[in-house]
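Visitor: Hi! Could you walk me through this one?
Guide: Happy to, here it is.

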Amino acid sequence: MNTVRKNSDWLMPATIDRFVDRFFNESFDQSKSAFTPRADVAETDSAFEIQVAVPGLNKKDISIDLKDGYLTISGERKFEKENQSKNFYSVQTQYGTFKKAFQLPDSVVEEKIEASYDNGILSVLIPKDETKKLVSKITVK
């Protein structure tokens with residue numbers, strides 16, 4: 001069995017087949033340019049915090065829904081050609097619709113969830129219900 005060394009550099013692919021595949025698939029495949037914002041999830045003593053990077057969106061383009069214990073964040077970033085005199089040769093910015101869902105634990109206060117949007121970052125604060133602690137001590141017998 002021959003081992004082919006993987007090379008992540010686009011200009012120096014490991015094989016010619018890989019070069020041809022990457023050229024045609026990555027240049028023309030529109031599914032790879034779908035808008036998929038990144039999210040950070042953190043936990044403090046009193047709340048869960050979700051931050052989603054959605055630059056270029058307006059507040060009205062973002063929807064946050066809570067149903068059956070799932071918090072769903074969705075939206076759309078549209079490509080708008082404002083200047084008709086420009087001929088785009090390459091558009092590397094991502095556009096399209098997105099949807100991210102987060103399963104929430106039973107220990108949150110759904111009525112007090114807050115969301116804010118500032119400088120392209122959507123922040124969702126999900127407070128914990130202190131009376132519903134999910135931590136318990138189990139004794140080994």
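Visitor: Where does T97 lie?
Guide: T97 is in strand β5, strands being DSSP runs of E with at least two residues, numbered from the N terminus. This is a predicted model, where local features need pLDDT of at least 70, side-chain atom pairs count only at pLDDT 80 or more, and totals for chains, interfaces and linings use all residues. Residues are numbered from 1 along each chain as its sequence is written, and side-chain values use heavy atoms, with hydrogens and water left out.

Visitor: Is T97 buried or exposed?
Guide: T97 is exposed, with a relative accessible area of 54%; exposed means over 50%, buried under 20%, and partly exposed in between (1.4 Å probe, protein chains only).

Visitor: And what does T97 touch?
Guide: Leaving out residues up to four places away in sequence, T97 touches F35, G75 and E76, where contact means heavy atoms within 4.5 Å. G75 is 22 residues from T97 in sequence, with 5.6 Å between their C-alpha atoms.

Visitor: New topic: which residues touch the most other members of the largest nonpolar core?
Guide: I50, V54, I73, L122 and I126, out of 17 residues. Such a core is a set of buried Ala, Val, Leu, Ile, Met, Phe, Trp, Tyr and Cys residues joined through side-chain atoms within 4.5 Å. β2 (47-53), β4 (70-77), β5 (96-103) and β7 (121-127) each supply at least two of its residues.

Visitor: Where is confidence lowest in the chain?
Guide: In helix α1 (residues 16-28), at a mean pLDDT of 56, while β7 is highest at 96. pLDDT is the predictor's confidence in each residue, from 0 to 100.

How values were computed:
Helix = DSSP H or I, 4+ residues; strand = E, 2+ residues; numbered from the N terminus.
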